[in-house]
Amino acid sequence: EIILNLDQDTFWNTWSAAIRVGKYKFIWGQSYLLKQKLEQENSNQQLYNIKKDPSEENNLLAIGPRRIIVAPMRARLMDLFKTQMAEADYPTQRNAGADPALFGSILSSGWCDNKV
C-alpha cells in the first residue's frame, strides 16, 4: 500500500486522495490542486491498472463498477482522513527548479540536476 495523496480544504469543502494497492491506483475527489475550487469533482473516482496502463489513460470505472477492488481502498482512505489527516501547508514561493519541463514532464522537487 502506498498513499499518494490525502488532502482536504475545509474552508471550500474540497478534497482529494489517491492510493496504490498492488497493481491498482485509485484516485478519489478533486483532480487539481485544492486551491482551485472544483466542488463538482468531490465525488470523482478513477481506477487504473498501472501495470497494464502506466500512463493512466483507461479509467476502469468508466467501463463499469469495480466494487471488490475499490471498496477496501475507499474505506482505507476514509480511515486515514479521520486518523492521519494533517492541515495543508501551501508554499508561498514557487521553486523554479521544480518545473516538470526541466525533467521530461516528470514532477520533481527541484533538488536534482536538470536533464535538459
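The model is predicted. The protein has 116 residues, and its secondary structure comes to 2 helices and 4 strands. The count of salt bridges is 3.

**Overall fold**

- Along the sequence the elements follow the pattern β-β-β-β-α-α.
- Buried residues make up 32% of the 116 in the protein.
- Among contacts with a separation of 6 or more, 37% link residues 24 or more positions apart.
- The accessible surface is about 8,400 Å². Carbon and sulfur atoms hold 51% of that surface.

- Lysine 23 sits in the loop between β2 (14-21) and β3 (24-29).
- Lysine 23 has a relative accessible area of 35%, so this residue is partly exposed.
- Leaving out residues up to four places away in sequence, lysine 23 touches Tyr48, Asn49, Ile50 and Lys51.
- Proline 54 is 31 residues from lysine 23 in sequence. In space, the two C-alpha atoms are 9.8 Å apart.

- Glutamate 56 belongs to the loop between β4 (45-49) and α1 (60-63).
- Its phi is near 55 degrees, a positive value in a residue other than glycine.
- Most residues other than glycine have a negative phi.
- Glutamate 56 is partly exposed because its relative accessibility is 26%.
- The side chain of glutamate 56 meets that of lysine 25 in a salt bridge, at 2.7 Å from N to O.
- This pair links distant parts of the chain, 31 residues apart. Glutamate 56 is in the loop between β4 and α1, and lysine 25 is in strand β3.
- Why does lysine 25 count as buried? Its relative accessibility is 17%, and the cut-off for buried is under 20%.

**Arginine 76 and its partners**

- Arginine 76 forms a salt bridge with glutamate 1. Their closest N and O atoms are 3.0 Å apart.
- Arginine 76 lies in helix α2 (residues 67-83), and glutamate 1 lies in the segment before β1 (2-9), so the pair ties together parts that are 75 residues apart in sequence.
- Glutamate 1 is exposed, because its relative accessible area is 55% and the cut-off for exposed is over 50%.
- Arginine 76 has a relative accessible area of 30%, so this residue is partly exposed.
- A salt bridge also joins the side chains of aspartate 79 and arginine 76, at 3.5 Å from N to O.
- Aspartate 79 and arginine 76 both lie in helix α2. They are 3 residues apart, about one turn of the helix.
- Aspartate 79 is partly exposed, because its relative accessibility is 36%.
- Which residues do salt bridges with shared partners join into one network? They are Glu1, Arg76 and Asp79.

Key:
Residues numbered from 1 in each chain as written. Predicted model: local features only at pLDDT ≥ 70, side-chain atom pairs only at ≥ 80, totals over all residues. Heavy atoms only, no water. Buried < 20%, exposed > 50% of the residue type's maximum accessible area, 1.4 Å probe, protein only. Contact = heavy atoms within 4.5 Å. Areas by Shrake-Rupley, 256 points an atom, 1.4 Å probe, with all protein chains shown as cover. Salt bridge = Lys/Arg side-chain N within 4 Å of Asp/Glu carboxyl O.
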